[in-house]
Amino acid sequence: MVKVPLSLLAVIIDGHDPRRQAEWRARALPELGDGAGNAVADPGGNGQDGPVPVVPPKLRPGSSVRVIAPSRSLAIIGPGVRAEADRKLAALGLNVSFGENVGECDDFSSSPVAARLADLHAAFADPDVDGILTVIGGFNANQLLTGIDYALVAAHPKVLCGFSDITVLSNALYARAGLVGYSGPHYSSFGMKHHFGYTETGFRACVMEDGPITLTPSPQWSDDAWFIDQAERHLEQPTGWWVLQEGETDGIIVGGNLCTLNLLQGTPFMPPLAGSVVFAEDDAQVRPWDFDRDLVSLLQQPAFAGVRGLVIGRFQKATGMTRDLLTQIVASKPGLAGLPVIANVDFGHTTPILTFPVGGTVELRAGSGAPRLTLTSH
């Protein structure tokens with residue numbers, strides 16, 4: 001079992017120290033899964049220490065990205081959205097290829113576990129692939145977790161980006177292989193023709209550039225079905241980020257979609273919570289009482305006492321969530337007492353969205369003025 005004291009978290013590997021990365025992988029590989037669904041030992045586990053985060057090499061102009069479908073199939077993405085996504089990614093200088101099974105589609109708009117695992121493993125194993133984009137979210141990426149070859153992932157760290165259901169992958173790969181993954185746009189997200197600048201800028205800064213990133217609220221946002229009618233978009237005026245509880249902290253980011261993260265509870269794939277800043281959002285299917293109970297479930301995890309802060313993403317209108325209701329939810333939780341909490345942040349199922357690193361580090365400043373988030377390792 002590989003453990004790293006919290007005192008060493010201040011010197012997190014930044015992806016540019018291959019000696020340190022190789023040293024950790026050499027220690028970790030015997031403990032990691034074999035991709036055959038066998039039980040795996042826990043390098044970071046749910047205890048007080050965690051894996052040494054490994055930031056993958058940045059994508060650059062000329063890099064190759066592989067599109068895979070760990071959840072729903074590429075078959076559900078229309079040709080217009082695909083053409084626009086290909087155009088945008090080419091404009092970033094990225095060469096796009098597709099997994100062999102990415103277009104398979106079953107009665108659940110997905111594909112067999114074996115097909116999805118084959119594409120995931122092929123993407124990590126292929127030396128000509130520099131990064132991985134997921135097609136879209138869905139409901140079943142957790143089906144893959146017992147079959148992933150975590151030793152392969154640890155030996156070939158690469159950018160993997162997606163959100164929603166991909167939360168289980170990014171958090172499990174961090175917990176099991178130390179890989180820093182990215183909650184950010186899917187391949188299909190790049191198919192948005194208009195009002196995509198904030199999302200693209202955040203993606204580029206996080207996975208294609210070096211140095212700290214100070215995140216800022218988007219100037220406008222939308223909760224419309226952009227993929228149905230790209231020409232007729234409805235934009236909302238900015239409401240800023242909300243300080244629900246003041247304070248300052250820093251820590252390792254875990255989380256993403258809250259109800260999806262909670263699927264990892266009690267499994268070997270749950271990321272360490274001690275020393276973390278939890279990012280949490282939910283989609284239009286969730287109502288305030290659903291978010292409340294999902295949050296309580298996370299708070300009841302034994303390691304939650306080590307969490308340092310909470311960042312909540314913007315809710316879709318259909319949820320009925322308001323600032324007042326969310327304030328009541330947060331204030332009623334003894335487990336959040338004394339923690340800085342900000343909300344209405346630009347990630348989740350509205351657009352645009354920022355990109356953040358699961359396993360990276362963040363400084364959270366929530367005072368009487370405007371809240372601030374700075375990604376210090378990504």
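Let's start with Thr 374, a residue of strand E14, which spans residues 372-377. Bear in mind that this is a predicted model. Is Thr 374 buried or exposed? With a relative accessible area of 9%, Thr 374 falls under the 20% cut-off, so it counts as buried. And which residues does Thr 374 touch, leaving aside those up to four places away in sequence? One group is Pro 212, Ile 213 and Thr 214, and the other is Thr 361, Val 362 and Glu 363.

Now over to strand E1, residues 64-68. Here 5 of the 5 residues are buried, so the rest of the structure largely encloses this strand. In a regular strand, side chains alternate between the two faces of the sheet. In E1, Ser 64, Arg 66 and Ile 68 point one way, while Val 65 and Val 67 point the other way.

Which strands does E1 pair with? The table has E2 and E3.

| Partner of E1 | Residues | Sense | Bridges to E1 |
|---|---|---|---|
| E2 | residues 95-98 | parallel | 4 bridges |
| E3 | residues 131-134 | parallel | 4 bridges |

For Val 65, the bridge partner in E3 is Gly 131.

Technical notes:
Residues numbered from 1 in each chain as written. Predicted model: local features only at pLDDT ≥ 70, side-chain atom pairs only at ≥ 80, totals over all residues. Heavy atoms only, no water. Buried < 20%, exposed > 50% of the residue type's maximum accessible area, 1.4 Å probe, protein only. Helix = DSSP H or I, 4+ residues; strand = E, 2+ residues; numbered from the N terminus. Pairing = 2+ DSSP bridges. Contact = heavy atoms within 4.5 Å.
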